[in-house]
Amino acid sequence: MRGKPRLVFLLSTICFELRLSSDKFIKSRKMHSANHWGGSLEIANNGDSTPEEYDRSRNLDWDKASINHQQQQQYNNYDQYSHRHNLDETQQSWLLGPPEKKKKKYIDLGCIVCSRKAFKYTIYGIIVAFLVIALPTIIAKTLPKHKTRPSPPDNYTLALHKALLFFNAQKSGKLPKNNGIPWRGDSGLQDGSKLTDVKGGLIGGYYDAGDNTKFHFPMSFAMTMLSWSVIEYEHKYRAIGEYDHVTDLIKWGTDYLLRTFNSTATKIDKFYSQVGGSLNNSRTPDDHYCWQRPEDMTYERPVQTANSGPDLAGEMAAALAAASIVFRDNTQYSRKLVKGAETLFAFARDFGKRTSYCRGNPYIEPFYNSTNYFDEFMWGSAWLYYATGNKTYISLATNPGLSKNSKAFFMIPDLSVLSWDNKLPAAMLLLTRMRIFLNPGYPYEEMLSSYHNVTSLTMCSYLQRYKVFNFTKGGLIQLNHGRGQPLQYVANAAFLASLFVDYMNATGVPGWNCGPNYISLDVLRRFATSQMNYILGDNPLKMSYVVGYGNKFPRHVHHRGASIPTGKTKYSCTGGWKWRDTSNPNPHNITGAMVGGPDKFDKFKDARKNFSYTEPTLAGNAGLVAALVSLTSSGGYGVDKNAIFSAVPPLYPMSPPPPPPWKP
């Protein structure tokens with residue numbers, strides 16, 4: 001195709017030359033035949049025609065690609081010959097005709113046809129895009145990655161990690177391999193072994209404090225508090241990697257509580273209220289007289305039986321019911337917990353068994369005496385309602401007789417202090433939660449509104465401006481009027497205050513009224529943080545009262561296991577006294593333990609014998625954990641509004657479906 005235009009040009013030139021000399025050319029032709037069409041068509045060679053012209057005429061239709069070198073030379077000679085004739089413009093126009101338009105070149109891509117130019121620019125664009133976008137991305141992906149460091153955890157998170165370890169150190173029974181406390185081992189493996197109605201005995205649970213007694217009353221309260229904190233702040237526990245840990249701690253406690261009564265029955269006539277213990281001023285080897293590690297106990301550990309006990313049964317029911325919400329995804333275990341809670345609460349409500357579990361019992365009454373049981377009725381029924389959705393329990397919790405007997409509306413300052421003995425402020429806050437988030441209306445609104453009002457006043461009582469409670473010069477609230485071991489009450493109050501703030505924030509309410517004064521939620525939050533900061537070291541002594549947190553913390557904790565070295569030597573009941581009486585620091589730090597705390601003058605005696613200063617407790621540390629997780633910013637702020645209501649059915653009947661469309 002490339003040689004065709006040139007052949008056309010050559011042919012046109014020849015025709016033009018022949019026209020100019022047509023007369024001479026015609027005369028020179030010789031016809032070799034007589035007829036018009038026959039004979040030879042050979043053109044005679046005269047002097048006016050050249051051999052080159054003849055040769056050219058023979059090769060006009062050849063493909064130029066097949067022309068050899070000699071023939072190409074002939075074309076070049078013809079070009080020289082043709083230029084000897086000077087053509088004017090008219091003649092050139094005759095010869096050349098109109099200028100030929102340059103044809104666009106296209107590329108067939110199969111599915112689309114595009115011009116070469118567009119294709120070329122597209123390729124260029126792809127290359128540029130690759131260099132500008134793809135290449136830097138590839139380089140960035142292949143270079144070593146430097147991960148952005150997450151923001152460091154706040155002080156509350158750091159303290160929380162340690163506070164949970166205290167419960168590992170308090171475990172009784174056969175310990176799991178991942179318990180994480182190297183100086184603790186299996187202990188109490190003979191607890192309850194003489195009981196004929198308990199398969200496997202009463203192995204497990206937690207030691208209460210620095211002694212080796214398993215007090216079920218404060219232990220149950222501790223499990224309820226831990227469960228409550230998980231229900232409200234599961235997202236925070238997960239964010240700091242402690243969710244599995246804290247739920248394992250709860251299950252360790254609830255598994256043990258299920259052993260203390262016939263949990264498969266619907267009705268019981270007794271349960272076990274304590275393992276171990278001591279008598280005041282006794283010289284008989286027991287948990288107080290002896291100073292031994294739990295692993296080395298050789299003395300008798302009596303089991304206390306309760307044939308009545310609405311207070312302890314109510315608290316145990318609350319613990320199992322709250323835990324059933326924590327383990328709601330484990331359907332089988334959750335149902336087992338609910339069944340046990342209902343059995344225990346039925347025992348607690350039995351009118352013929354209304355004597356306190358500890359009355360007249362010298363192993364319990366001097367240590368964990370219960371002053372009332374109507375607060376446990378309110379507390380337990382609230383938790384059972386959330387665990388089951390059974391309206392019988394919420395009807396009891398909002399019964400006017402219950403609030404009257406518990407003195408809920410008497411506005412007695414001491415009744416606004418949460419403790420292992422008094423659950424009233426926690427129970428009313430728990431029921432206030434229902435009003436805030438579910439707004440159930442009639443017939444519960446009147447009582448729930450009253451609980452809400454009293455809860456608001458309880459929060460007011462924590463503020464220093466109202467002078468309901470004294471504060472030390474260092475800023476610590478004196479909820480137990482300057483008596484020993486104040487920090488457990490402070491931690492509980494910080495938790496309730498922080499939780500109340502989160503409830504209000506969840507509904508978009510910025511504050512509440514204390515009499516004629518409007519109080520911003522920030523004021524109450526500052527109270528909670530100030531008390532926790534005091535416990536963690538922001539105090540006149542600059543001492544952290546949580547062991548292992550900070551640089552300065554108690555080193556002489558009143559704790560048998562932490563104060564005696566581990567090794568092959570097993571010290572006898574009185575042989576361990578030398579470790580009790582030494583002025584040397586404990587060989588083991590019981591990490592995470594919150595000790596009793598300072599006195600009302602902000603003074604603290606770091607001495608093992610001064611147990612009111614240096615002894616930690618299970619119930620106190622549960623409040624510490626709850627307060628810390630409520631205040632930490634790890635995992636975000638706020639509560640889980642709905643998890644606690646997972647078993648609660650709709651309070652109002654569902655709207656009926658619309659009637660079918662009318663048909664004629």
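**Close-up 1. Pro443 lies in the loop that runs between α15 and α16 (445-461).** The model shown here and in the other views is predicted. Pro443 is joined to Tyr442 by a cis peptide bond. Omega of this bond is about 5°.

**Close-up 2. Helix α15 (residues 424-438) packs with helix α17 (residues 487-506).** The angle is about 5°. The two axes are 11 Å apart. Angles under 35 degrees count as roughly parallel, and α15 and α17 are therefore roughly parallel to each other. On the α15 side, the contact is made by Pro425, Ala426, Leu429, Arg433, Ile436 and Phe437. On the α17 side, Leu496, Leu499, Phe500, Tyr503, Met504 and Ala506 take part. By class, the residues of this contact of α15 with α17 are 11 nonpolar and 1 charged, with no polar residue.

**Close-up 3. Helix α8 (residues 216-239) crosses helix α10 (residues 310-326).** Their axes come within 8 Å. The crossing angle is roughly 30°. α8 and α10 are therefore roughly parallel to each other. The crossing of α8 past α10 is left-handed. From α8, the contact draws on His216, Phe217, Ser220, Phe221, Met223, Thr224, Ser227, Val230 and Ile231. From α10, it draws on Asp311, Leu312, Glu315, Met316, Ala318, Ala319, Ala322, Ala323, Ile325 and Val326. The residues of the contact of α8 with α10 comprise 13 nonpolar, 4 polar and 2 charged.

**Close-up 4. The largest pocket has a volume of about 870 Å³.** It is lined by 35 residues. Closest to the centre of the pocket are His288, Phe367, His558, Phe611 and Glu615. Three helices, α17, α20 (577-581) and α21 (611-614), each supply at least two residues of the lining. The lining of the largest pocket divides into 12 nonpolar, 13 polar and 10 charged residues.

**Close-up 5. Asn281 sits in the loop between β4 (271-275) and β5 (303-306).** Phi of Asn281 is near 65°. This is a positive value in a residue other than glycine.

How values were computed:
Residues are numbered from 1 along each chain as its sequence is written. This is a predicted model: local features need pLDDT of at least 70, side-chain atom pairs count only at pLDDT 80 or more; totals for chains, interfaces and linings use all residues. Side-chain values use heavy atoms; hydrogens and water are left out. Axes are lines fitted to C-alpha atoms, for helices over the stretch in contact, and angles run from 0 to 180 degrees between N-to-C directions. Helices (H or I, at least four residues) and strands (E, at least two) are DSSP runs, numbered from the N terminus. Angles under 35 degrees count as roughly parallel, over 145 as roughly antiparallel, 65 to 115 as roughly perpendicular and the rest as oblique. A crossing is left-handed if the near helix is turned anticlockwise from the far one by less than a right angle, and right-handed if clockwise. Contact means heavy atoms within 4.5 Å. Ala, Val, Leu, Ile, Met, Phe, Trp, Tyr, Cys and Pro count as nonpolar, Asp, Glu, Lys and Arg as charged, and the others, Gly among them, as polar. On a 1 Å grid over the protein atoms alone, a cavity is a set of points where a 1.4 Å probe fits but cannot get out, and a pocket is an open set with protein on both sides within 12 Å along at least five of seven lines; lining residues have an atom within 4 Å of a point. Grid points are joined across faces, edges and corners, and a volume is the space filled by probe spheres set on the points.
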